[in-house]
Amino acid sequence: MNLSGNRFTSAKNIPAIIAFSLSAIISSSASAAILINEIDYDQPGSDTAEFIELFNNGNSSTSLDGYRIDLINGSNSRVYRHIDLSGFSLNSKDYFVICNDPSQVANCNDVFTSSTGWIQNGAPDALALYDNENNRIDSLAYEGTLSPFTETAATNAKDSNTVITSLSRLPDGTDSNNNQTDFNLGCLTPGTANIAGTGNCSTNKVSAVPLPAAIWLFASGLLGLTGISRARPYHSVNTSS
Ligand SMILES: [Ca+2]
Ligand SMILES: [Ca+2]
Ligand SMILES: [Ca+2]
Ligand SMILES: [Ca+2]
């Protein structure tokens with residue numbers, strides 16, 4: 001664009017142009033939005049395969065340095081577990097799965113504990129996602145309302161001790177800041193797009209990677225998963241009841 005002769009080219013307007021450009025860059029970066037996308041806190045019988053799935057709804061890759069998930073006990077509103085996400089990053093429109101047993105949870109990116117039963121079953125309980133400036137950027141209360149973690153209204157969906165299912169954002173990756181509207185029962189889809197219903201719909205993401213990319217991933221030792229960079233094998237878990 002030629003701005004010759006345009007009043008915006010005057011020296012006094014150059015800072016404004018720079019500010020506008022910076023604003024556009026910051027706005028682009030701010031569009032990165034990490035969401036709690038799916039949670040399986042209850043499995044038939046013992047809870048040995050719990051997971052939490054995050055989704056990057058933004059348009060750019062986001063470092064998770066300084067990000068954390070707090071799990072909140074509804075009986076006393078206290079954090080009973082803290083999951084530090086530092087050392088990971090998440091590509092745009094990709095998923096991040098936290099679990100305790102990758103042999104039971106497909107596409108698990110962060111095996112952060114070997115403990116089973118690490119997510120309480122209500123009622124109610126909650127989980128909240130915080131960014132690197134300690135802003136609560138997403139939260140979900142389940143099996144009832146738990147202030148301030150319920151977004152607008154509590155979801156009616158409940159995980160089950162008899163049916164294979166999870167609480168899933170439906171449509172996948174969509175956030176209207178209303179837990180009731182946003183979450184419903186989904187079949188298990190750790191690391192992939194959420195699907196309404198029940199059962200185990202897990203698929204291995206690696207199989208969807210084109211061959212050259214799969215070879216590259218294997219060679220680079222990135223645990224065979226796309227979209228995730230991992231700076232450390234394990235990280236701290238902090239629990240308090
Ligand atoms: Ca549980
Ligand atoms: Ca479940
Ligand atoms: Ca159970
Ligand atoms: Ca999913």
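The following exercises, each with a worked solution, concern a predicted model of a protein.

Residues are numbered from 1 along each chain as its sequence is written, and chains are lettered from A and ligands numbered from 1 in the order in which they are written. Local features need pLDDT of at least 70, side-chain atom pairs count only at pLDDT 80 or more, and totals for chains, interfaces and linings use all residues.

**Exercise 1.** State how many helices and strands the protein has, and describe its open sheet.

*Solution.* Helices (H or I, at least four residues) and strands (E, at least two) are DSSP runs, numbered from the N terminus. The protein has three helices and 15 strands. Seven strands form an open sheet in the order β8-β7-β2-β1-β11-β12-β13, with mixed pairing. Two strands pair if DSSP finds at least two bridges between them. The edge strands, β8 (110-111) and β13 (195-196), each pair on one side only.

**Exercise 2.** Determine in which sense β11 and β12 pair, and which residue stands opposite R169.

*Solution.* Strand β11 covers residues 166-169 and strand β12 residues 183-187. Their pairing is antiparallel, over four bridges. Opposite R169 stands F183 in β12.
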